[in-house]
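Okay, everyone, thanks for coming.

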Amino acid sequence: MRAYIDSDILIWHLRGDRKSLHFLKELQENKEYELWIGAVQRAEIVFFMRKDEEAKTLLFLSQFKTAPVDQHIVDAAGILYRKWNPTHGININDALLAATAILTGGKVYCLNKKHYPMSEIILEKPF
């Protein structure tokens, strides 16, 4: 199964958070899962890294496969966004990752479950 890691976990890991490191290491060793990130989550990390962080950050991200965003993902994310944004304030990035997970059969790991109120996804808070 694909394990999609939301950007909040990635950011905490890059900041040196031990819980994030431990979680990612355990997940990587679990042969039941493949480590994935969404294209937008990768962009959230890459766009804001500093020049002196580039080599370390790109090496870290190389451990994950990046799911592309195509028309099917965008269309499904649009449905999720229109349904959940008015009541739960989800953003476009989270809608795109949720749609990616739904269409690929993946599981989303995130620190803030409020970002993913959809019952259609498998969601887990890692710690």
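Let's start with a group of rings: Phe23, Tyr33, Tyr109 and Phe127 come together as one aromatic cluster. Keep in mind that what you're looking at is a predicted model. Altogether, the structure holds five aromatic pairs, and I'll show you two of them.

Here's the first one. Tyrosine 4 and tryptophan 36 have ring centres 6.2 Å apart, and their planes meet at 50°, so we call this pair tilted. The cut-offs matter here: under 30 degrees would be stacked and over 60 edge-to-face, with the rest being tilted. What does the pair link? Distant parts of the chain: tyrosine 4 is in strand E1, residues 2–5, while tryptophan 36 is in strand E2, residues 34–38, and the two are 32 residues apart. Tyrosine 4 is buried, and tryptophan 36 is too.

Tyrosine 33 and tyrosine 109 are edge-to-face, at 6.3 Å centre to centre with 85° between the planes. Tyrosine 33 sits in the loop between helix H2 (18–29) and E2, and tyrosine 109 is in strand E4, residues 107–109, so this pair ties together parts that are 76 residues apart in sequence. Buried or exposed, what about tyrosine 33? With a relative accessibility of 14%, tyrosine 33 counts as buried, because the cut-off is under 20%. Tyrosine 109 is buried as well, with a relative accessible area of 3%.

While we're on rings, let me point out the arginines. Tryptophan 36 has the charged end of arginine 2 over its ring, 3.6 Å from the centre. Over at tryptophan 12, the charged end of arginine 15 sits over the ring, 5.3 Å from its centre.

Now, helix packing. As a reminder, two packed helices are described by the angle between their axes and the distance between the axes. For helix H1, residues 7–14, against H2, that's an angle of about 115° and axes 7 Å apart. The crossing of H1 past H2 is left-handed. Which residues make the contact? From H1 you have Ile9, Trp12 and His13, and from H2 it's Ser20, Leu21, Phe23 and Leu24. Sorted by type, the residues of this contact come out as five nonpolar, two polar and no charged. Note that Phe23 also belongs to the aromatic cluster I opened with.

Next up is phenylalanine 60, which lies in helix H4, residues 54–61. Its relative accessible area is 7%, so phenylalanine 60 is buried. If you leave aside the neighbours within four places in sequence, phenylalanine 60 is in contact with Leu10, His13, Leu14 and Leu24. From phenylalanine 60 to leucine 21, you go 39 residues in sequence and 11 Å in space, C-alpha to C-alpha.

Let me finish with two exposed residues. Serine 62 is in the loop between H4 and strand E3 (65–67). At 51% relative accessibility, serine 62 counts as exposed, because the line is drawn at over 50%. Serine 62 and glutamine 28 are 34 residues apart along the chain, with their C-alpha atoms separated by 13 Å. The other one is isoleucine 92, in helix H6, residues 92–104. Isoleucine 92 is exposed, at a relative accessible area of 53%. Okay, that's my tour; over to you.

Terms used
Residues are numbered from 1 along each chain as its sequence is written. This is a predicted model: local features need pLDDT of at least 70, side-chain atom pairs count only at pLDDT 80 or more; totals for chains, interfaces and linings use all residues. Side-chain values use heavy atoms; hydrogens and water are left out. Helices (H or I, at least four residues) and strands (E, at least two) are DSSP runs, numbered from the N terminus. Buried means under 20% relative accessible area, exposed over 50%, partly exposed in between (1.4 Å probe, protein chains only). Rings of Phe, Tyr and Trp (its six-membered ring) pair if their centres lie within 6.5 Å; planes under 30 degrees apart count as stacked, over 60 as edge-to-face and the rest as tilted. A charge sits over a ring if NZ of Lys or CZ of Arg is within 6 Å of the ring centre and within 35 degrees of the ring normal. Axes are lines fitted to C-alpha atoms, for helices over the stretch in contact, and angles run from 0 to 180 degrees between N-to-C directions. A crossing is left-handed if the near helix is turned anticlockwise from the far one by less than a right angle, and right-handed if clockwise. Contact means heavy atoms within 4.5 Å. Ala, Val, Leu, Ile, Met, Phe, Trp, Tyr, Cys and Pro count as nonpolar, Asp, Glu, Lys and Arg as charged, and the others, Gly among them, as polar.
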